[in-house]
Amino acid sequence: MRENIRSKHRLAIDDWLLRNGHPRYRCGQILHWLYSRRVTDWEAMGNVPKALRQALSEEFEICLPELVRQQEAGDSTRKYLWRLKDGAFIESVLIPANPAQAGVASDRKTLCVSTQVGCAYGCVFCASGLDGWKRNLAPDEIVGQVLAAETQAREETSGGDGAASRSEIERKGGERQVDNLVFMGMGEPLANYDNLLKALSILNADWGVGIGARRITISTSGLVPQIRQLAEEPAQYRLAISLHGPTDEVRRQVMPVSKRHPLAELMEACEYFSQKRGKVITLEYILIEGVNDAVSLADSLSKLAHQLRAKVNLIPYNMVDGLKWRRPSVEQQEQFFRALCDRGVRVTLRRVKGHDIDAACGQLRLKAERRKASETAV
Ligand code: SAH
Ligand code: SF4
């Protein structure tokens with residue numbers, strides 16, 4: 001299969017042009033078509049000579065993820081199901097202004113992005129890992145979710161005429177539909193490290209999508225070596241840890257990865273990251289009834305949060321079809337939240353509506369995969 005051009009960094013495109021005898025300034029033109037105009041057809045690149053368009057099309061793909069389905073919740077959270085070139089399904093979720101989302105400021109439009117098809121880490125509460133891991137996403141499939149979601153959202157806000165509205169928006173100075181990214185969709189981002197970092201360099205670049213590194217949060221279930229590696233990267237990406245339990249005993253019940261990387265090791269890596277980067281880490285804590293919602297756990301959780309000077313983001317569990325786990329009552333959630341507040345922890349509790357689709361990433365895709373499997377079986 002041909003590589004997709006949106007997997008390539010500017011320098012690599014530059015290099016390709018040079019090797020194939022084309023002038024350097026063509027690179028800027030091509031990037032404009034790819035990231036400002038977001039075309040999906042080589043023929044649309046009006047100021048690029050036909051011979052070059054032809055040569056590019058022989059070497060590279062230019063497609064974006066294709067929208068298969070969209071779901072909307074009451075608070076206008078939108079969940080997109082995309083089909084990739086090989087027929088695999090992935091999801092992204094567009095979350096409007098929402099103060100409790102990953103502790104992100106309230107006027108931001110946040111896109112939750114996937115990094116793998118399925119997940120190998122098998123956390124027992126999560127839909128993404130239910131059918132195992134299929135493959136890593138290529139950089140263009142990560143970048144493509146942002147571009148395709150923005151195009152989709154623009155078409156909706158402008159009443160349908162995507163191309164016309166895009167040029168209109170460009171004239172007005174380019175209103176962003178996505179200005180904050182969280183890598184909390186399907187998959188374990190740090191298990192697809194190289195493709196993730198390549199995608200991030202394109203998402204972050206002025207010549208690319210132009211989203212600041214401080215507005216990009218990577219969430220991990222706790223891959224210790226890669227957390228240390230990320231601490232060495234020059235760009236200032238933010239880090240969120242899926243903690244979900246303040247002791248090894250609780251974590252081991254729900255997250256197999258905690259057997260390979262126990263809490264003490266994870267905490268050391270987090271301390272290293274926050275010292276090295278001078279950045280506040282977010283501890284994600286899904287509240288699951290009877291597993292990790294006992295107020296008695298607030299002590300150990302607050303100790304960890306203080307040790308790291310971290311924020312805690314409490315997320316009431318989203319029920320997954322076929323799984324036994326439940327979200328605690330609102331009273332129980334509030335009690336747990338207050339227990340952390342009382343211990344001086346910086347904590348948010350997600351109270352938004354729309355949990356019928358929000359954050360239970362992997363569910364829409366799982367249904368689509370299973371439907372596809374049963375169709376082929378007939
Ligand atoms: N693999 C990475 C990133 C993707 S999961 C990680 O685990 O951090 C993103 C977040 O969604 C994680 O905190 C994960 O634990 C959480 N999550 C998974 N299933 C969920 C569910 N059913 N309800 C609420 N949060 C869920
Ligand atoms: Fe994978 Fe994250 Fe889901 Fe765990 S919570 S199975 S690491 S996607």
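Start by selecting Gln333, which lies in helix α12, residues 330–342. The model on screen is a predicted one. Is Gln333 buried or exposed? Its relative accessible area is 7%, so Gln333 is buried, the limit for that label being under 20%. Now show the residues around Gln333. Leaving aside residues up to four places away in sequence, Gln333 touches Leu287, Pro316, Arg327, Pro328 and Leu349.

**The whole protein**

Zoom out and colour by secondary structure. The protein has 13 helices and 14 strands. Of its 378 residues, 55% are buried. Among contacts between residues at least 6 apart in sequence, 67% join residues at least 24 apart.

**The sheet**

Select the strands β3, β4, β5, β6, β9, β10, β11, β12, β13 and β14. They form an open sheet of ten strands, in the order β3-β4-β5-β6-β9-β10-β11-β12-β13-β14, and the pairing is mixed. Which strands stand at the edges? They are β3 (66–72) and β14 (347–349); each has a single partner strand, so one side of each is left without a neighbour in the sheet. On average, neighbouring strands of this sheet are turned by 20° against each other, direction ignored.

To see one pair of bridge partners, pick Leu67 and then Trp82 in β4.

Move along the sheet to β9 (180–183) and β10 (216–220). Helix α6, residues 193–204, lies across both strands and runs at about 175° to β9.

**Helix α2**

Select residues 26–36, which make up helix α2. How many of its eleven residues are buried? The count is eight, and the helix is mostly covered. The buried residues are Arg26, Cys27, Gln29, Ile30, Leu31, Trp33, Leu34 and Tyr35. To see what covers them, display α1 (10–19), α3 (50–59), α4 (139–157) and α6, which are among the covering elements.

Step just past the end of α2 to Arg38, where phi is positive, at about 55°. Arg38 is a residue other than glycine, and its place is in the loop between α2 and α3. Its relative accessibility is 8%, so Arg38 counts as buried.

Arg309 lies in the loop between α11 (298–308) and β13 (311–316). Here the relative accessibility is 65%, so Arg309 counts as exposed.

**Rings**

The whole structure contains four aromatic pairs. For one of them, select Tyr35 and Trp207: the ring centres are 6.0 Å apart and the planes stand at 70°, so the pair is edge-to-face. Tyr35 belongs to helix α2 and Trp207 to the loop between α6 and β10, so the pair ties together parts that are 172 residues apart in sequence. Both Tyr35 and Trp207 are buried.

Two further stops show a charged residue over a ring. Select Arg228 with Tyr272: Arg228 lies over the face of Tyr272, at 5.2 Å from the ring centre. Then select Lys324 with Trp325. The charged end of Lys324 sits over the ring of Trp325, at 4.7 Å from its centre.

Notes. Residues numbered from 1 in each chain as written. Chains lettered and ligands numbered in written order. Predicted model: local features only at pLDDT ≥ 70, side-chain atom pairs only at ≥ 80, totals over all residues. Heavy atoms only, no water. Pairing = 2+ DSSP bridges. Helix = DSSP H or I, 4+ residues; strand = E, 2+ residues; numbered from the N terminus. Axes fitted to C-alpha atoms, helices over the stretch in contact; angles between N-to-C directions. Contact = heavy atoms within 4.5 Å. Buried < 20%, exposed > 50% of the residue type's maximum accessible area, 1.4 Å probe, protein only. Phe/Tyr/Trp six-rings, centres within 6.5 Å; stacked < 30°, edge-to-face > 60°. Lys NZ or Arg CZ within 6 Å of the ring centre and 35° of its normal.
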